[in-house]
Amino acid sequence: MQRSTRIISVVTPVHPPSIPFLTAAYASLRDQRLPAGWQWRWLVQEDGQTGAVAAALPDDPRISTGTNRPGGPGVTRTMALSRVDGPLVKVLDADDRLTADALARDIAVLAADPTIGWTTARALDLAPDGSTSAVATDPAPGRLTAGTVHRHWQANAHQLPVHPATLCIRTDLLFALGGWMALPASEDTGLLLAADAVRDGYFIGEAGLLYRRWAGQVTSQQAHWSPIERANRTQVIEARVAALRRGWTRTDAAPTPVLAATSYDLDELGPL
């Protein structure tokens, strides 16, 4: 499939409880400044087939909606890839918000260095009262050599050093890894660790995401923390990482770059 070279596709899975937050997510996307010639496309995918998600969205030609049978966030994210365009895919959960220039910073890193396969950024927790706080101890900004995230995850009770909800990844790499894992949760952790197994990444020190904390989010549900399910999810993720590290060589991991090695000055960015 021929893809546009200057589009960043933003993938958002939605389940009914998160529909009220779509307005704020859209506003954070609408206000992004991008490098000259770049555009975003918002791929909003409903986990279900009610039509309620499409009805809740504004009339914007940059928004593309779809539905699928209920299958959880991993299935829903991956189904959205049927409409992907452009060399980069950015994650944005329905209840979260991008910070100013978050997409521009992702583009700048990945355009400047074709050997980097993915980026993450600092995230801030967004409380119901509107206050924000740091999510966790972040690594130093800069390149994350392949395997760095996985080693930290293993050594720290399966806690990631970077936030998977901030991921931006090259489209070809995402497809090569099979999209998101078909797990009831931790599908984003599984993808991040798979990408980390085969390609260097980059951590952006500026905050790129406001991660909403609220009672209805999936990670606050009791089932998410079931010891048996969590152990099973972890085992599957570990097996995938091990298989990738055995079978994916450095030569395999360096496809022809889809972005020119050009840097962008964020001070010169104008509105989309």
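Predicted model: local features only at pLDDT ≥ 70, side-chain atom pairs only at ≥ 80, totals over all residues.
## Basis of the model

Local features need pLDDT of at least 70 and side-chain atom pairs count only at pLDDT 80 or more, while totals for chains, interfaces and linings use all residues. Residues are numbered from 1 along each chain as its sequence is written, and side-chain values use heavy atoms, with hydrogens and water left out.

## Contact of α5 with α7

Helix α5 (residues 148–155) and helix α7 (residues 187–198) have axes that come within 7 Å and cross at roughly 125 degrees. Helices are DSSP runs of H or I with at least four residues, strands are E runs of at least two, and both are numbered from the N terminus. Axes are lines fitted to C-alpha atoms, for helices over the stretch in contact, with angles from 0 to 180 degrees between N-to-C directions.

Thr 148, Val 149, His 150 and Trp 153 of α5 meet Thr 189, Leu 192, Leu 193 and Asp 196 of α7, contact meaning heavy atoms within 4.5 Å.

## Salt bridges

The whole structure holds eleven salt bridges, each a side-chain nitrogen of Lys or Arg within 4 Å of a carboxyl oxygen of Asp or Glu. Among them, Arg 143 pairs with Asp 200 at 2.8 Å, N to O. This pair links distant parts of the chain, with Arg 143 in strand β9 and Asp 200 in strand β11 (residues 200–212), 57 residues apart.

Asp 60 forms a salt bridge with Arg 62, their closest N and O atoms being 2.9 Å apart. Arg 77, Asp 93 and Glu 187 are linked in a network of salt bridges.
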